[in-house]
Amino acid sequence: MKLSQFKFKLPEEQVALYPPHRSFENEDGTVDRIYNRDQCRLMVIHRKRQTIEMFQKDADDNDTDQYLTFRDLVKFFDEGDTFVFNDTKVFPARLYGTKEKTDAKIEVFLLRELNEELRLWDVLVEPARKIRIGNKLFFEEDGPMVAEVIDNTTSRGRTLRFLYDCPHDEFKRELFSLGEAPLPRYIIDRRPCTPEDMEQFQTIYARNEGAVTAPASGLHFSRELLKIMEIRGFISAFITVHCSLGAFDPIEVEDLTKHKMNSEQMIISSEACDIVNKAKEEGHRVCAVGVSTLRATETSVGTDGMLKAFDGWTNKFIFPPYEFGLANALIANFYHPESTMMMATAAFAGYDITYEAYKQAVKEGYMFGCFGDALLILDD
């Protein structure tokens, strides 16, 4: 397929800057927000029937004027159906420092630690033109955290060596205390990051640290919803995919077969495989929660349709047409035009019905992006 087939006009006001919430204005003009993760809207695609569902039903199974919300998810699944979650944990990857001598403000985005002993990190810097090998960056006015640029990796990429002599655990705590939630650029260009963003930009089941962006479809799950799912007999399996910024890289080729995805580290345990494969053998649904999970399971599924243990990296790029080997249900968000996540969604549901769902979402005022509304795709 072609890149231009995934263009559409997304109104700026339909890009969610905050998770679902209720706002209260105080007497002093400040605004408080009460967040409700599972109260975003939910749209459902039935891919075999090629139909779209947006509204709750009355006693006669007719549409009402009430939109489905994410908590209505449980109505579409049965006991024994299994959800595959990505339990990666986001760390506070965005820091701001100053360049020695000039005091120029520099954004440093931590990608991953390269060497624990030497305190080497792979990072992105902005503005990159000001940062050269040998430069030093200071992260506190009089604090001990200093980094030296020792290599250029890409146009914006650098390798930093942090000059901080202490036990590694203490270094990491100090480093992360200087950072903030790595919200996508389309959010922080429109509003400042706040301390509460670190909690809101994290799934409630996050466990294994290593992501620099959240597995967004998992953000909709609240503790209350997970408890309801447990009571109803739904099964959960957890894998780890350390989400990188690769999904946000612009695609610069019209022919999608020529686009190369950046790699992401992923771990699928034998325990997760046992849970998922049992569900498949017993004829239950297997629902991938998010595109990162979908990419991982498609990386490790065998030719027999069963999930295999995996510990490594994946650069799988999924776009239509694609024949899926494992999941038969998917929870996704509404993504930006020409994004790799939208393409994976279209591969799963079918291009035509996905494009129609996106048109309906824009028309009906659904919210897009990591804090936006949700899309459930079922194989019926």
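Mentor: A salt bridge is a side-chain nitrogen of Lys or Arg within 4 Å of a carboxyl oxygen of Asp or Glu. The model discussed here is predicted, with local features needing pLDDT of at least 70 and side-chain atom pairs counted only at pLDDT 80 or more, while totals for chains, interfaces and linings use all residues. Residues are numbered from 1 along each chain as its sequence is written, and side-chain values use heavy atoms, leaving out hydrogens and water.

Trainee: Why is the contact between D197 and R191 called a salt bridge?

Mentor: The closest N and O atoms of D197 and R191 are 2.6 Å apart.

Trainee: What makes D197 buried or exposed?

Mentor: Buried means under 20% relative accessible area, exposed over 50%, and partly exposed in between (1.4 Å probe, protein chains only). D197 has 1%, so D197 is buried. R191, at 6%, counts as buried too.

Trainee: How do you know whether D189 and R185 form a salt bridge?

Mentor: Their closest N and O atoms are 3.5 Å apart, and they do form one. D189 is exposed, because its relative accessible area is 53%. R185 has 34% and therefore counts as partly exposed.

Trainee: What can be said of D255 and K258?

Mentor: Their side chains meet in a salt bridge of 3.1 Å, N to O. D255 is partly exposed at 22%, whereas K258 is exposed at 55%. Elsewhere, salt bridges that share partners join R49, D81, R285 and D380 into one network.

Trainee: How many aromatic pairs does the structure hold?

Mentor: There are 29 aromatic pairs. Rings of Phe, Tyr and Trp (its six-membered ring) pair if their centres lie within 6.5 Å; planes under 30 degrees apart count as stacked, over 60 as edge-to-face and the rest as tilted.

Trainee: Why is the pair of F8 and Y358 described as it is?

Mentor: The ring centres of F8 and Y358 are 5.4 Å apart and the planes stand at 75 degrees, so the pair is edge-to-face. F8 lies in the segment before β1 (21–25) and Y358 in helix α8 (residues 351–364), so parts 350 residues apart in sequence are tied together. Helices (H or I, at least four residues) and strands (E, at least two) are DSSP runs, numbered from the N terminus. F8 is buried at 17%, and Y358 is buried at 1%.

Trainee: What makes F91 and W121 a pair, and of which kind?

Mentor: Their centres are 6.0 Å apart and their planes are at 70 degrees, so this pair is edge-to-face. F91 sits in the loop between β8 (88–90) and β9 (94–99), and W121 in strand β11 (residues 120–126), 30 residues apart. F91 is buried at 4%, as is W121 at 2%.

Trainee: How do you know where the charged end of R47 sits?

Mentor: A charge sits over a ring if NZ of Lys or CZ of Arg is within 6 Å of the ring centre and within 35 degrees of the ring normal. The charged end of R47 sits over the ring of F348, 4.2 Å from its centre. K105 has its charged end over the ring of Y96, 4.7 Å from the centre.

Trainee: What is A357 in contact with, leaving aside its neighbours within four places in sequence?

Mentor: A357 is in contact (heavy atoms within 4.5 Å) with M43, I45, I52 and F334. A357 is found in helix α8 and is buried, with a relative accessible area of 0%.
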